Amino acid sequence: MYYAPWDAESQATRMQFKIVAQYYYKQVYFAAINCWQPHSECRQKFSRIQQFPVLIVYIQHNKGVQYKGIREAAHMIRFLQYVLRPLERITSLSDVMTLMSVYDAVVVGCFNFAGSIGSPGYYSFYAAALKFLERDPHREVGFAVVTSMKTCAELWIDWSPTLRIYMWNETLQYPHQAEFTSDVLVQWISANTHQVSAWVTPPGVKSLTLAPYVDRGSVLILFTPRNPLQDKNYNYNMLREVGLEYYNCNINPWVSNLASHLANERAEMKKKYSEIEAECVFWKEHNRSEQDIHPIHLDGELWMNESCHSRHVRRKLCSACERHSAQLCGEPEGDARMDENDSNKCKKEEIVSSSNHMDFGPFTKLQHEYYVCSKHSHSVSRLQTSMLTGMGDERSSAALQEAALLDRCRRFRRARHIHHPVFPHPAYHRKSPRNFTGLACHTNKTLSLIAMDSLQFHHFAEGLGVDVMARHDKTAVVIFNVVQESSYTLNAEFNKGAVLEFIKNYTDGVLNRLLRSSSILPRGALNHYPKQDVEDCQRQGVLCVTELNSNSFHRTVMAQNVAVVLLYHSPYCTFCHIISHIYLTVARYFRAVQHIIFTRIDGENNDLPWEFTMHHYPTILFFPAHRKSESHVFPRHYPLTVSNLVKFVLANLDPEERCFWGMVGLCAGWGKQQNVDAARDCIARVRRECLTAIASTLKQYRSTKMRWHVLKVSSSLNSSQLHFYRTATHKQLKCIVCRLQHLKEVHLILGSIDRLQEDSIEYIAIQEIYKKYQNSVKKLDFYTEVAVTRVRDSVPHVTSTKDEL
């Protein structure tokens, strides 16, 4: 690890690097080098390091391989696992199918190892497998080698060296005439490999990792935990199986067989996991029970010819037993005598001399166990020998098998600490939708299939409006289209049938668009406003502007009895923070108005229906009461100041609303901040508005009476229609009289004062007068528009008479 002491990433990687070193200390040498000193040897060699730390694995007789994956211990352990064993050995065609269930593509190299020198091209293939790890640190593309020409013939390969790529729908062969070097092989494999689905691992900095999938059209993203220490992932295998069926347009037998193989693997995956768990538990108990058992060190005479294998060997072995028994019993070595039982034990151990019963390697359950004289002895006589018994040899067959089991169990135990295995409910057996196989060729919607680790990249799901960490098994499926700026999520339980139906419904266009809402995202996320405290908002002198989200938008904005002023903002918009004090100032001025509310919404993290979506921040909308369809946007060519915003709010109110809701409340809210002249001027303006409203109301009164007289003398109305319209006109006139009375009382109260405040007696009286007026209107149960519409429908020529008046 090349690091810089001041770098935060280097400091964070330090502990992970130590964990990996503790795991692989027997096989890999670990070192950390400070590469920040300007004139150091490291800095001169790596002069273009753009980011610390840099992790490089150096292999003997080969160039270093840089690790570009996630800097966590589990991912680094898996990477080193592939560095130590970059190739798989296959012996039949069925092995290729098995590897295809593990990797998205498999590169197979066929080499002739007939001699002891080796096969031409093998070293280049081995180096290419290592070098490809820089592009594919998680090993999505597997590398396998065939060492027998007989097996190559079964794969229809008659030339060595030969390189093939087995993919989900085709097989490509490397040209014989092309240069067979590691760099050329890596470029050819990278250029020709394609997958039906892929794991996507963004590097954590600005990159184009997602661009190739998003730019093609729609993309289905599976967010699921990815445990790097587990060889297979149930959910991802299900996604691969779905992708194979989705893209299998010509009903290719190879693709169908691969999909069936993946289905069978998923069905047996939980059972195999339980078997590994039981095996590791047994190995742990067995290893503990035989910690004190040591292998016997035999004399080289045991390898003599059978004819020379006489009593001398047995006598030597029994002599050792005799001495060992004497030491255990505390007897002098020279006086030690063997009883009949000890003699039988030694005779029993004479079978060690036979080469057919030799014991090689560490103790396992399947091996014979030989001890000196007594099975419960705590010390063993070690006889010097030069015989190659395999005992103590870390590279013997039994030792390698034991080491493989140990490594598998270590990875198994560490994997359980990362995340528990995910095995969804087996509901995938339900029937698939009709005509799903080959659906990609029968629809005009392109769909890419990718998967992302929900443990590492859950913030991508939150950006799409899904709190994946709160879902079952931390798993979610989202279809996203960047051109249409829309996303869709699978709300049903995750299984194969649900995914197939989800894709089919999307291609049919019957899914509802997901509206992201900040209410479902974690409150600890960055750039989120803190949650408002209700008690603080009710305190004197405290103003709270309601923060809306996608779920509460329609309920608040579309309330018919209130006018709503809405500010669209974004956490990343600097201008929104600049004008926030202006918006709050105007909201404080209108705080005394009960029928006007000021709200705001984060347009970046909350999706709204298209008619309410804004493309510029900040944007201010006004939704008038009872006329929500007549909303207005604050003009962008006007400067956003307190005065202009106040005028904008008042201009969008009805005359009655502007007089009573707006201007009276504005004068009361402005309150003590005004001087005497400004307060008197504010009240004078309200009185002029009252007089204007009185004049308008009187005009409406006269117009209503005149219309009634015209309809009464009209011969086109029958008695029932005339009675209905007379009742409606009577209610309308009574409502107009109540309004005139209300205007007169407010005008008289304002004429007796010079200043209006929220806590003044006059303002409270004005509010009581307005409430009385509202109750009177409700009691009348008057619906003028409905009445006039019904009369218009029944009497066509009445409309022209009304329009003239």
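The predictor's confidence in each residue is expressed as pLDDT, on a scale from 0 to 100. The model is a predicted one, in which local features need pLDDT of at least 70 and side-chain atom pairs count only at pLDDT 80 or more, while totals for chains, interfaces and linings use all residues. Residues are numbered from 1 along each chain as its sequence is written, and side-chain values use heavy atoms, with hydrogens and water left out.

Across the chain the average pLDDT is 78, and 77% of the residues score at least 70. Helices (H or I, at least four residues) and strands (E, at least two) are DSSP runs numbered from the N terminus. Confidence is highest in strand β3 (residues 55-57), at a mean of 95, and lowest in helix α25 (residues 796-804), at 37. Residues 324-338 have a pLDDT below 50, and this stretch makes 21 contacts in the model beyond near neighbours in sequence, a contact being heavy atoms within 4.5 Å. Over residues 340-382 pLDDT likewise stays under 50, and the model has 79 contacts for them beyond four places in sequence. Where pLDDT is low, the predicted coordinates should not be read in detail.

Two helix pairs may now be considered. A pair of packed helices is described by the angle between the axes and the distance between them. Axes are lines fitted to C-alpha atoms, for helices over the stretch in contact, and angles run from 0 to 180 degrees between N-to-C directions. Helix α1 (residues 8-23) and helix α13 (residues 397-418) cross at roughly 150 degrees, their axes coming within 12 Å. The two are therefore roughly antiparallel, a term for angles over 145 degrees. On the α1 side the contact involves I19, Q22 and Y23, and on the α13 side D407, R410, R411 and R414. By class, this contact has 2 nonpolar, 1 polar and 4 charged residues; Ala, Val, Leu, Ile, Met, Phe, Trp, Tyr, Cys and Pro count as nonpolar, Asp, Glu, Lys and Arg as charged, and the others, Gly among them, as polar.

The second pair is formed by helix α22 (residues 719-751) and helix α23 (residues 761-780), whose axes lie 10 Å apart at an angle of about 180 degrees. These helices, too, are therefore roughly antiparallel to each other. Among the residues that meet are C735, C738, V746, I749 and L750 of α22 and A765, I766, I769, V777 and L780 of α23. The contact comprises 12 nonpolar, 2 polar and 5 charged residues.

Several loops have backbone features to examine. F52 and P53 are joined by a cis peptide bond with omega of about -5 degrees, and P53 is placed in the loop between α2 (41-45) and β3. Another cis bond runs from Y617 to P618, with omega near -5 degrees; P618 belongs to the loop between β17 (596-602) and β18 (619-623). In the loop between α5 (122-131) and β7 (141-146) lies R139, a residue other than glycine with a positive phi, near 55 degrees.

On a 1 Å grid over the protein atoms alone, a cavity is a set of points where a 1.4 Å probe fits but cannot get out, and lining residues have an atom within 4 Å of a point. The whole structure holds 8 cavities of 30 Å³ or more.

Terms used: On a 1 Å grid over the protein atoms alone, a cavity is a set of points where a 1.4 Å probe fits but cannot get out, and a pocket is an open set with protein on both sides within 12 Å along at least five of seven lines; lining residues have an atom within 4 Å of a point. Grid points are joined across faces, edges and corners, and a volume is the space filled by probe spheres set on the points. Angles under 35 degrees count as roughly parallel, over 145 as roughly antiparallel, 65 to 115 as roughly perpendicular and the rest as oblique.
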